[in-house]
Amino acid sequence: MVKLERVAPLFAGWEETMIWSCLQGCMGHAIADQEEAPRAAQIVVGDFCFFAGEPQDRLICQAGAPILVPKDEAWARRIEAVLGQSVQKSLRYAICKEPDRFDREKLRRFAQALEPSFSLRVFDRDLYHQAMAEPWSRDFCGLFQDFADFQRRGLGVGVVQEGRLVAGASSYSVYHGGIEIQIATQKAYRRRGLATACGAKLILLCLERGLNPSWDAHDLRSVALAEKLDKEGKLPSTFMVVAPGSWTDKVWDDVNRMRTLNSEQVRNGRQMHVCPLQLDIVDRLINRYSAPGETVFDPFGGLMTVPVSYTHLR
């Protein structure tokens, strides 16, 4: 992997918190066309891959995530030319990232407006594991190594009904002094004000802790929520989504490719594994094919992904 300080000039001026997260060494990684004097690079954080510098076909083909975000129109045209019909072009709305835009009293009213059967709860170990167990909520905590890492660096608020997580707002990614917010509601509970309530509460917690809450909206519904929570919109930017490799439920196409022990290797200043095993895959296999107390055999070792996953699950 290229040194982050060498690719930083290529991304200069790009007001995107996930890019800051990578360049500050918090999350994600960067890939460049060459190590010494890179002319093009991609930054990968979770499901997002950001391209900057001189457009290069090889980097596009090596995209490390399904959501491709070009820095300029030249990259956008090149991505379309290289990937053709396998990408779908969309708009991503960049929301203003100024904490003084918020009306705290208004946010408090939103947070208190839940129906009596629902309650707000700050993410604890139980909500963390509930979130990680379901595809709709996995992005709340998926980029963190484990609950201890989330507890140390992340922040989330869940809407709970009878102890069950049905909506939430959480730190998708983190950077120095702020978080990128992920908000989602289970399909059966939408249009009941749950996203507004937990989003408002999370923003209040961020402001209390001196954190900058920000997020970018992928559709007009998310833009409307941002405006409701008193944020100011900016010009939209283009992004492209690579279609999943399979449309059958027999193939797992929702595996978080970034959730590996390489994140821990980077934090500890160690060399990353060239082909790390995703924790999502290991977690599912252990849950599906073993019972509590049984022995799980891993013949390869590697970064010790299986023992780490087993320890956290059991």
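Predicted model: local features only at pLDDT ≥ 70, side-chain atom pairs only at ≥ 80, totals over all residues.
Residues are numbered from 1 along each chain as its sequence is written, and side-chain values use heavy atoms, with hydrogens and water left out. Local features need pLDDT of at least 70 and side-chain atom pairs count only at pLDDT 80 or more, while totals for chains, interfaces and linings use all residues.

The elements discussed are DSSP runs numbered from the N terminus (helices: H or I, at least four residues; strands: E, at least two).

| Element | Residues |
|---|---|
| Helix α5 | 104-111 |
| Helix α8 | 194-208 |
| Helix α11 | 279-289 |
| Strand β7 | 156-161 |

Helices α5 and α8 pack at an angle of about 135 degrees, and their axes are 7 Å apart. Axes are lines fitted to C-alpha atoms, for helices over the stretch in contact, and angles run from 0 to 180 degrees between N-to-C directions. The two helices are therefore oblique to each other; angles under 35 degrees count as roughly parallel, over 145 as roughly antiparallel, 65 to 115 as roughly perpendicular and the rest as oblique. In contact (heavy atoms within 4.5 Å), R104, L107, R108, F110 and A111 of α5 meet T196, A197, A200, K201, I203, L204 and L207 of α8.

Q161 belongs to β7. Not counting residues up to four places away in sequence, Q161 touches S117, F118 and Y189.

How values were computed:
Buried < 20%, exposed > 50% of the residue type's maximum accessible area, 1.4 Å probe, protein only.
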